[in-house]
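Reader: I've got the model open and I'd like to learn how to read its features. Can you walk me through them?

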Amino acid sequence: MSEHDERDPDPGDGADASTNPPDGDSCGCDDACEVEGASESGAAGETRTDSSVGESGGDSSPAANSTRAEFSVPDMDCASCANKVESSVRKLDGVGDVDPRATTGRLVVGYDPDRTTPDDIRGNIEGAGYAVEDGPSTREVSFTVPDMDCASCAGKVENALRGAPGVLSYETRPTTGTAVVTLAADADLDSVVSAIEAAGYEVTGTDGDEADADADADTGTDRESVWRSTRAVKTWISGGFLAAGIAAEYLFGLELVVASVLGVSFTVAELLYIFGAALGGQAILRNGYYSAKNRSLDIDFLMSAAILSAVTASLISGPTSLYFEAATLAFLFSVSELLERYSMDRTRDSLRELMDLSPDEATVLRDGVEAVVPVEELELGDVVAVKPGEKIPVDGTVVTGDSAVNQAPITGESVPVDKAEGDEVFAGTVNEAGYLEVRVESVAGDDTLSRIVSMVEDAQSNKTEREQFVERFSSYYTPVMVVVAVAVAAIPPIAFGLDWVTWFVYGITMLVLACPCAFVISTPVSVVSGITSAAKNGVLIKGGTHLEAMGSVEAIAVDKTGTLTKGELTVTDVVPLNGNSEEDVLRCARGLEARSEHPIGEAIVTHAEGTGVAAREVDDFESVTGKGVRADLDGVPHFAGKPGFFEELGFDLEHVHVTGPDEVLSEDIRQLCDRHGCLNLVEDTIPRLQSEGKTVVVVGTEDALEGLVAVADEVRPDARETVAKLREAGLSVVMLTGDNEGTARAIAEQVGVDDFRAGLLPEDKVAAVEGLLDEYGSVAMVGDGINDAPALATATVGVAMGAAGTDTALETADIALMADDLSKLPYLYELSHRANGVIRQNIWASLAIKAVLAVGVPFGYVSVALAVLAGDAGMTMGVTGNAMRLARIRPDE
């Protein structure tokens, strides 16, 4: 407090015990954070190409063709460490943006590969005294492969990447049409592109490639383009030939032989069927070739085998013709593929909508002149002008102007937030009314919106338990079904002399059912739909496992300070004594606390200023350790502090005059004391206020008490309603706090939680969460993501509040509520719970339909057409449509 305000906060001050790391070089590390045994090996982790970098080191400048490398530096664990590492790395020529992340021990560096290398960067890190974790020098590149839109497509790409030079690991994401590949630092990108394209899939760009922007326009961002594509045109023509053949054979009964090749005759209908099979099956056979080349037993290979088998059987069987089946299979499966692409584009569009929130250009003010430049060219410290109705292009701080800003794209808040000079704004948010000038605080690609998009994309790699089960199951399902198909086609004719044509068609039908596409995508499309829907509503879920886990929790542990409460002390009550008014009490309290740095004092001064109470002249300020303060106000000695402080000064707190002698007493006050006009502060007023979770500050002179000021961390207005909704959903809600038992009980009763744990230090909260895990099995922990990080990590799911603009919370939490809005918790649980239901529905429905169709095949109830339409196209559309229902869930419902 004040210059040396050492007053201890009252146990009921509403502030949890926490320890903040000191700034500057006093980091608390051992001897300047020196590290022994610096590694000679390369950096491990992530590298991705980027279109620009930020502030450069040396005489370098942002490079248009730059690369970002991530290094693991485990001993870089404080602000001082991070500063030393950053300073050392910036000395290199060609280094751009440097992002040290002390909380995770990782360093992300943007650099020009033509001017420096990862080895040079590693050398400077080690030169600063920090070891780089052992591992090969790597980089991570994302390849855009728009036609990779199903599990079998992904399998072929994976097989191709497996043998590509320089590829260390890979991950295919059919839901977004990307392949994320970890490469050796010296790997050739062109060779990787060639490997993917050798599998039959065009690569339209990589992350950071300028072609990406054009690729979006060329790869079906408009969903209708699927139906106008080359394959779609060939499919419609194929359907025309199929319809004409049916008409010729069944309507007009044309049996006229019009051609004969190598002794095989063809009727009009048969030729029409062959033309239809050739056009519709062209893409299928092409993909089947690549499947065979990559030894991938997938739907393309199976369909190719079925079409070729039907045609071959027709050619060698003489009078028996299966051209109709071949044409039907080619046409319907092509339609199925188009439908699957359409469905997948719907899923991808949900992510594209996030990516499109940020504008491509910005109006920058340089040397007093406005210039419109690409967002990638903005540098740290630039000032951009944002007119009414425009989107804010970057994260930054308002330097001029005031306006209402719609932050819904980031935080999900439905009401625009007022912004003025000094306030933080985010890229992608909309300036509703006034003119703003914003100083750039983060370059393109490093802003909050970009991090959200990146984390949503990365969330696909975090596979749920159900998704892993599906993948394991499908690896057995397809081979077994192929064996069954062969058995159905061969055993009845051979063993029982049944018609081989009929059973051959049944075998082809079973091959159609052997593909598990709808089954395999049932989980990832649900996860992507749920995660992107949540991101649009201000909730960042960092993986399918966390989405799944959140929907299965049985209890929620909620930190009190900053979560159930506002996290800011405010004045709640002013009790004037001995004829003073509330204004008199606040005037004295403001004077005494004016030099305070204690949160209680700051809260009192802020409240007094807000009510227009005038300041007083302060002299001879003194802090009394652990008790309070004293000072001369306008020459009169005054005191403020704990009730015990005033008892030591000789005051009788049991009988204090509340009003002047001529004022009328309320009935409540008459009942508090048997002496007219008196109040027992010790037994009644002070305990009552403290029982409500408030801290009481007594104000007075040497001769008389002037009044009481109660300060508290106010409960959020929506806290009780939020807790009630969670309990209605069947969850147990437990409050964790560092406050004393009395304060904790008061807040717990006020918000309506099931139970509470009081007097907890950070390590005690970890133990409390472990206890809840033992009791409930699955627990979510909700906190601020910083002081509560250990408890968040211990829980089944860690949820951070108010994470927008907070790197630590974004990195440490499993789920982040971007706005400081507790009411999003019921929405988060409802979305996650329903997502689990949708995933279960998709998995079992796809399996059940496949099973029913498979059982019906030997009895002649299921044709090739029905197998394709119901078992493949229908189920793909069904599971995708079911997953997209998650986007309809809104926080306000």
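Reader: Let's start with Asp 634: what does its relative accessibility make it count as?

Author: With 46% relative accessibility, Asp 634 counts as partly exposed. Bear in mind that this is a predicted model, where local features need pLDDT of at least 70 and side-chain atom pairs count only at pLDDT 80 or more, while totals for chains, interfaces and linings use all residues. Residues are numbered from 1 along each chain as its sequence is written, and side-chain values use heavy atoms, leaving out hydrogens and water.

Reader: Which residue forms a salt bridge with Asp 634?

Author: A salt bridge here is a side-chain nitrogen of Lys or Arg within 4 Å of a carboxyl oxygen of Asp or Glu. For Asp 634 the partner is Arg 616, with the closest N and O atoms 3.0 Å apart. Arg 616 sits in the loop between helix H18 and strand E23, and Asp 634 in the loop between strands E24 and E25, so the pair ties together parts 18 residues apart in sequence. Helices (H or I, at least four residues) and strands (E, at least two) are DSSP runs, numbered from the N terminus. Arg 616 is partly exposed too, at 21%.

Reader: How many disulfides does the structure hold?

Author: In general, a disulfide is a covalent bond between the sulfur atoms of two cysteines. The test used is a pair of cysteine sulfur atoms within 2.5 Å, and the structure holds zero of them. As for individual cysteines, Cys 153 is buried at 3% relative accessibility, and Cys 515 is buried at 1%.

Reader: Now sheets: what is the strand order in the open sheet of six strands?

Author: Two strands pair if DSSP finds at least two bridges between them. The order is E12-E11-E13-E19-E14-E17, with antiparallel pairing. E12 and E17 stand at the edges with a single partner strand each, so one side of each has no neighbour in the sheet. Elsewhere in the sheet, four bridges join E14 to E19, and Thr 397 stands opposite Arg 439 in E19.

Note on methods:
Buried means under 20% relative accessible area, exposed over 50%, partly exposed in between (1.4 Å probe, protein chains only).
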